[in-house]
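Biologist: Please walk me through this one, and give me the rule behind each word as you go.

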Amino acid sequence: MIEISDLAFSYGNNLVLKGISTTLEEGKIYGLLGENGVGKTTLLTLLCGLKKVQSGRILTDGENPFDRSASLLEKQYYLPDEVAPVNMRAGKFAREQGAFRKDYDHDKFLSLMEEFENDPSRKMSQMSAGQLKKTYLSFAIACNCKYLFLDEPTNGLDIPSKSQFRNAILKYTSDDSTIVISTHQVKDLENIIDPVIILDRRDVLLNASLQEIEEKLFFDYGNVLHPESLYSEQLPGGFIQVYPNKEGKESKTDIEALFNATHAHKDIIKGLFKK
Amino acid sequence: MEFNSNKAIYLQIADTICDKILSGELKPEDRIPSVREYGATIGVNPNTVMRTYEKLTSEGVIFNKRGIGYFISPEARDIVLENDRKEFLEVELPAVLRKMELLGLDPDVLLSKSDLII
């Protein structure tokens, strides 16, 4: 479990994160959403111990990630948005890097590469951006870490790779791992992320499971605007709108609409989800 | 799996399983995939599949053998039939009747079309 309490971080005078408190539980695939520049990548690098928390704290299984203890490092893997095109064959790269990681499974790496239709005998420096990303994704998942942090993993992936990515995450990660995926491509990941975290500059606006979201909010795909609508958007066949679910009706979360409703009515959403 | 209606995903998955029970593709005592297996097959978070299984368990359509998995219960077909009939009579049929009224169609039309389904 990761406990974040009253976290703050700034780059020089530029305050990026402030007053961030939330908890990340085991066995869940978190979707980390937020507008450009709210500090999603900064948060991920803080979580994996690449940056030092300036105030507040992060505890991962009771340890501060910035202490970079071996026992914690072997449990986590962070895959940044941009990855290095190493001048080495993918299979050799993975085997050599994997040697440093306790739970790395090379057969799993090869199965993942196959799933992604990616050739492990190719040099990474000769791969396209998408192929390179898929090599790193295969490696990241094959490390079998309890904590997996993925920054914009579907950026640069072609259309078939997106569903391959979803299946890879669901099929090759273990029950008790905590996966945090930061993304703007919510449509790519809509059915695999649960819970959803919406980050704002000074706040965590939302950290809730889809079940909680669907209990509290109703996603209406009809053609009559509701007076309490928190967000609505015109679609060819009517509206998608979001309003408080007062009658306990069932609906399907639309993450884009949820995000927009949250941004338009931060206080109402926070009030609804207060525990 | 494509999810395009606006029904909650976990309910759509439940509908798929119930349809397979009605069609006979899933029979009593058949084991259904684990939450993770099924999630990976259809590209859906295991939590969502868990919600489906919890709902179907509470309705008595499936049951859990601890440590082994989920199975179709012996009376699954009867339960699904009863639920679907109720849903049809209380939700779908009234909608059809409202639409017929809107279009100025006489309910007798239904009888004249009954040969279409046989």
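Modeller: Gladly! Axes are lines fitted to C-alpha atoms (for helices, over the stretch in contact), and angles between N-to-C directions run from 0 to 180 degrees. Helices (H or I, at least four residues) and strands (E, at least two) are DSSP runs, numbered from the N terminus. This is a predicted model, where local features need pLDDT of at least 70 and side-chain atom pairs count only at pLDDT 80 or more, while totals for chains, interfaces and linings use all residues. Residues are numbered from 1 along each chain as its sequence is written, and chains are lettered from A and ligands numbered from 1 in the order in which they are written.

Biologist: Which residues of α1(B) and α3(B) meet?

Modeller: On α1(B) they are B:I9, B:Y10, B:I13, B:A14 and B:I17, and they meet B:T48, B:V49, B:R51, B:T52, B:K55 and B:L56 of α3(B). Two residues are in contact if their C-beta atoms, placed from the backbone, lie within 7 Å. The residues of this contact divide into seven nonpolar, two polar and two charged. Here Ala, Val, Leu, Ile, Met, Phe, Trp, Tyr, Cys and Pro count as nonpolar, Asp, Glu, Lys and Arg as charged, and the others, Gly among them, as polar.

Biologist: How does α1(B) pack with α4(B), and at what angle?

Modeller: α1(B) and helix α4 (residues 76-103) of chain B have axes 9 Å apart and an angle of about 115°. The crossing is left-handed. B:C18, B:I21 and B:L22 of α1(B) make the contact with B:A76, B:R77, B:V80 and B:L81 of α4(B). Those residues divide into six nonpolar, no polar and one charged.

Biologist: Why is chain B called more spread out than a compact globule?

Modeller: Chain B has five helices and three strands, in the order α-β-α-α-β-β-α-α along the sequence. Its radius of gyration is 17 Å, well over the 13 Å that the globule rule gives for 118 residues, so chain B is more spread out than a compact globule. The radius is taken over C-alpha atoms, and the rule is 2.2 Å times the number of residues to the power 0.38. The C-alpha trace of chain B spans about 55 × 30 × 25 Å along its principal axes.

Biologist: What makes chain A as compact as a globular protein of its length?

Modeller: Chain A has 10 helices and 12 strands. For its 275 residues the globule rule gives 19 Å, and the radius of gyration of chain A is close to that at 20 Å, so chain A is as compact as a globular protein of that length. Its C-alpha atoms fill a box of roughly 60 × 45 × 35 Å along the principal axes.

Biologist: How many residues of each chain are in contact with the other?

Modeller: 15 residues of chain B are in contact with 20 residues of chain A. On the chain B side, α1, α2 (35-42) and α3 give two or more residues each. That side divides into six nonpolar, six polar and three charged residues.

Biologist: How do you know that A:V242 counts as buried?

Modeller: A residue is buried if 20 or more other C-beta atoms, placed from the backbone, lie within 10 Å of its own, exposed if 12 or fewer do, and partly exposed in between. A:V242 has 29 C-beta neighbours inside 10 Å, so it counts as buried. It lies in strand β12 (residues 238-244) of chain A. Beyond its neighbours within four places in sequence, A:V242 has contacts that include A:L217, A:F219, A:Y231 and A:L258.

Biologist: And why is A:N144 called partly exposed?

Modeller: A:N144 has 19 other C-beta atoms within 10 Å, so it is partly exposed. A:N144 sits in the loop between α5 (129-142) and β6 (147-151) of chain A, and its phi is near 50°, a positive value in a residue other than glycine. A:E152, in the loop between β6 and α6 (159-172) of chain A, is also partly exposed, with 18 other C-beta atoms within 10 Å.

Terms used
Left-handed = near helix turned anticlockwise from the far one by under 90°.
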